[in-house]
Amino acid sequence: MRPETLAEGEGISTPCFTADGRTAGYLRQDSLYGCSLETGEEELLLKDVLSFVPDEKGGFYASSREKGIVRVQMGREQEEVWKPEPVEGGWIQGEKLALSPDEKKLAFARRRYVDHREDPTLSLFEQNQGIWMIEMNQEKEMEKEKGSSVLTRISPDEPPFFARMEQTGGEPYPYLWPAKWSPDSSRLFIWQDVLSGSMRSDGIGAAVYDTVSASIIYPLAGQEEAVLPYDENVVFGEDNSLYLLVGAGREMAFDKELVWIPPETGAVPEILRTPGLVPQSPRVSYDGKSIFFAASKELEPGKTVEYPIWRQLYRMEKGNVTELTNGTEYSSESPVLTGDGSSLVFGRVDREGAMSIWSVGTDGSRLQKLVDLKENIGADETNEQYPAAYEDFYGRGSWNSIMTVYTFK
């Protein structure tokens, strides 16, 4: 297996691939580009993108302030999906797109912004207008009949910014935005966000929208646990069970636990114990029998946190934890389960800060390096511990912004 570079350069982030395996999509600065895996041809699809998600037909749903929500595909004209109505003194836009696996439902957060001056760069977020869901007319997409998609609001409007501040005495006010769908497209995981960067980084609440009952469920209600708002720490199992990394506090070196929430409404969350380890980035096997995660060792009493935090990969099965990677040469992070369920693809950092992408079998066999990255977490002159793109804030670690887009053949 050898890597081939598809796209590289400054400002590339958030890469993904369409389900047909023919197109890569990514942001270059704030614009969405598509790149053919067959020809290497790159095409600008949409400027000033707020959010985008791939579909199964080689295209992407994407949103921008100017266009609303559109479907874009290489070599084709844009298709309008939702265009917000104009409002006086500001504008409305769709953000945080989340496409269901069956591609029949597209959820997004709808927000209103206000221009206090004519300069659009000095605008202010005024109001979250709730989460909305577009129920796609599949027959229309297949051109078998004409019709329009159904737009449904699944969470209520919230007060405008200044009214909210008055109501709460200046305290942050939770608002909802969609994150990811369950495999059968019946449940949508939702963050209960806050308008406070400090509080947000210490953990927020979680909710689930159930499409069958058309209701929002709060699986951690009545508990003191909070969830750090990073999608890599939330995953659905194939049976709609939910796995979360819980624990208030932005520091990733302690006080974090894996929690399993069964799919039944009102089910009691169960802590998945990982003795001596501080877990991160859970993944679940497609048969639901194994949980994979990255983890660091618990700090010894009196020890202080050192960055970057050193982790390895583990598998949990029937409560037993097995180490998949080890040794002192590399720290292993951010595992992703391959489509056939046989391997994990993950990032590694060595003692000199060099970064690379590896794979390992889910049983710990077949460990191999896939590619060396050009980035080095010790190479940023503005920070002695890690480059800005690595986002190792309080030991989280993020590989999304360090990206040359590769394909492996």
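## Salt bridges as defined here

A salt bridge is counted where a side-chain nitrogen of Lys or Arg lies within 4 Å of a carboxyl oxygen of Asp or Glu. By this criterion, Asp55, Arg71 and Glu79 are joined in a network of salt bridges. A search of the whole structure returns 17 salt bridges. Side chains of opposite charge can pair when their charged atoms come close.

## Model and confidence

This is a predicted model, in which local features need pLDDT of at least 70 and side-chain atom pairs count only at pLDDT 80 or more, while totals for chains, interfaces and linings use all residues. Residues are numbered from 1 along each chain as its sequence is written, and side-chain values use heavy atoms, with hydrogens and water left out.

The protein chain has an average pLDDT (the predictor's confidence in each residue, from 0 to 100) of 86, and 87% of the residues score at least 70. For residues 139-147 the pLDDT is below 50, and this stretch has 9 contacts (heavy atoms within 4.5 Å) beyond near neighbours in sequence. Residues 405-409 also have pLDDT under 50, with 31 contacts beyond four places in sequence. Where pLDDT is low, the predicted coordinates should not be read in detail.

Glu38 and Arg22 form a salt bridge, with their closest N and O atoms 3.5 Å apart. Glu38 is in the loop between strands E4 (31-36) and E5 (42-46), and Arg22 is in the loop between strands E2 (12-17) and E3 (23-28), so the pair ties together parts 16 residues apart in sequence. Strands (E, at least two residues) are DSSP runs, numbered from the N terminus.

Relative accessible area is computed with a 1.4 Å probe on protein chains only: buried means under 20%, exposed over 50%, and partly exposed in between. Glu38 is exposed at 58%, whereas Arg22 is partly exposed at 46%.

## Buried pairs

Asp210 forms a salt bridge with Arg187, the closest N and O atoms being 3.2 Å apart. Because Asp210 lies in strand E16 (residues 205-210) and Arg187 in strand E15 (residues 187-193), the pair ties together parts that are 23 residues apart in sequence. Asp210 is buried at 9%, and Arg187 is buried at 11%.

Glu232 and Arg396 meet through their side chains in a salt bridge of 2.8 Å, N to O. Glu232 is in the loop between strands E17 (215-217) and E18 (234-236), and Arg396 in the loop between strands E29 (368-376) and E30 (405-408), so this pair ties together parts 164 residues apart in sequence. Glu232 is buried at 19%, as is Arg396 at 10%.

Methods. Helices (H or I, at least four residues) and strands (E, at least two) are DSSP runs, numbered from the N terminus.
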